[in-house]
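Have a look at the model first, then read on.

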Amino acid sequence: MILLDPLGRRIDYLRMSVTGRCNLRCIYCLPRDSRCCAPGALHLDSRLIFSVAQAAMHYGLQKIRLTGGEPLLRDDVIDIVRTLKQMGVPDLSMTTNGVLLAGVAPALKAAGLDRINVSLDSLDPDAYTRITGGGSLPPVMDAIDAAADAGLLPVKINVVPLRGVNDSEAAGFAALTIDRPVHVRFIELMPAGHKNSGMESLAVPSVETMEKVATAFRRQGRRLLFEGEGGSSRNYRLEGAKGIIGFISPISNHFCGRCNRMRLTSSGKLRPCLFSADELEITPGASPDEVENILKQAVLRKPAGRKTGSAIPGRMSSIGG
Ligand code: SAM
């Protein structure tokens, strides 16, 4: 059995925000004055994680991504990974800021995690600290190597280009792919919960980032070659490079027509669309049949797509990005 939404899109990818807490305060995601994240609060109940995963598995789920907040803040994150993999989730991945990753990468792999995405918005230690509200770059760079050594492949690096903040680093990030088999993915800034905060003006369209990369390497005689579409990203490779450069363009070229996602928020609600506030609550103690029914309803409530100009209602840390 599979889950089809009213537009016939097959929904087989579940993103779970397993905690609303984060150990960074990235300027465009969870600003420093945020009051959302009292210590100890907002971990998603693990029983809910498993019951929703079970229901989705019943309908041919292909992929789960654990995100947050910062998933590695959970003491039970390895157990969650192990249980989900034992349940038979075909493709199990995680998005993390990497701060706590180096030490646990082998254990995550051993527990059954297939792949990892590390969010990293600057290769300059000072700029990294500014963007993340106090984070330290070296442990994250170590974590990228540790994840690759542990076999969490391919390691994907998520970069959100921000005008005047890190957009001059596009070529530097692209250069990471020359000698390492990493994927560097440039993600357009989406308007999220910070309307009127001036954040929108920092957005950089993918085409501009791509041009920066192509121009920088053309001078060195290295062309940027199209590799193909990969999920939500358009993938390129610098001639002779080991890794991939992806451009994810939810704003300039949204992929709603191909959306295959359902989200489970850190407050335990199913969210059919990132850009809509519509959410369905899963009552605590719901039976497997009830959870399956709520999941089916959520899929039927998926809108056709994002309305032009709309912002993401709610906090990214709760929705999971
Ligand atoms: N703490 C983890 C991390 O940093 O990867 C997981 C949660 S974070 C919300 C997941 C991803 O969402 C990160 O790659 C982050 O850059 C991205 N993100 C957050 N706010 C965004 C926005 N407004 N536009 C685009 N991407 C955003």
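## Around the ligand

Start with Asn158: an N or O atom of its side chain sits 3.5 Å from an oxygen atom of the ligand. Around the ligand the protein covers 94% of the 550 Å² of accessible area that the ligand has on its own (Shrake-Rupley method, 1.4 Å probe). For polar contacts, the cut-off is a pair of N or O atoms within 3.5 Å.

In total, 18 residues surround the ligand, and Tyr28, Gly69, Glu70, Ser119 and Met190 are the closest; to count, a residue needs a heavy atom within 4 Å of the molecule. Sorted by class, that shell has 7 nonpolar, 9 polar and 2 charged residues.

## Where this comes from

Keep in mind that this is a predicted model, where local features need pLDDT of at least 70 and side-chain atom pairs count only at pLDDT 80 or more, while totals for chains, interfaces and linings use all residues. Numbering runs from 1 along each chain as its sequence is written, and side-chain values use heavy atoms, with hydrogens and water left out.

## Cysteines

How many disulfides turn up in a search of the whole structure? The count is 0, with a disulfide being a pair of cysteine sulfur atoms within 2.5 Å. Cys256 is in no disulfide, and its nearest cysteine sulfur, in Cys273, is 6.3 Å away. Cys256 is also buried, at 14% relative accessible area (buried means under 20%, with a 1.4 Å probe and protein chains only).

## The cavity

Searching the whole structure gives 1 cavity of 30 Å³ or more. On a 1 Å grid over the protein atoms alone, a cavity is a set of points where a 1.4 Å probe fits but cannot get out. The largest cavity has a volume of about 70 Å³, and its lining divides into 9 nonpolar, 1 polar and 1 charged residues. Among the lining residues are Leu3, Asp12, Gly60 and Met262; lining means having an atom within 4 Å of a point.

Conventions. A polar contact is a pair of N or O atoms within 3.5 Å; within protein, one must be able to donate a hydrogen and the other to accept it, and residues adjacent in sequence count only if both atoms are side-chain atoms. Ala, Val, Leu, Ile, Met, Phe, Trp, Tyr, Cys and Pro count as nonpolar, Asp, Glu, Lys and Arg as charged, and the others, Gly among them, as polar. Buried means under 20% relative accessible area, exposed over 50%, partly exposed in between (1.4 Å probe, protein chains only). On a 1 Å grid over the protein atoms alone, a cavity is a set of points where a 1.4 Å probe fits but cannot get out, and a pocket is an open set with protein on both sides within 12 Å along at least five of seven lines; lining residues have an atom within 4 Å of a point. Grid points are joined across faces, edges and corners, and a volume is the space filled by probe spheres set on the points.
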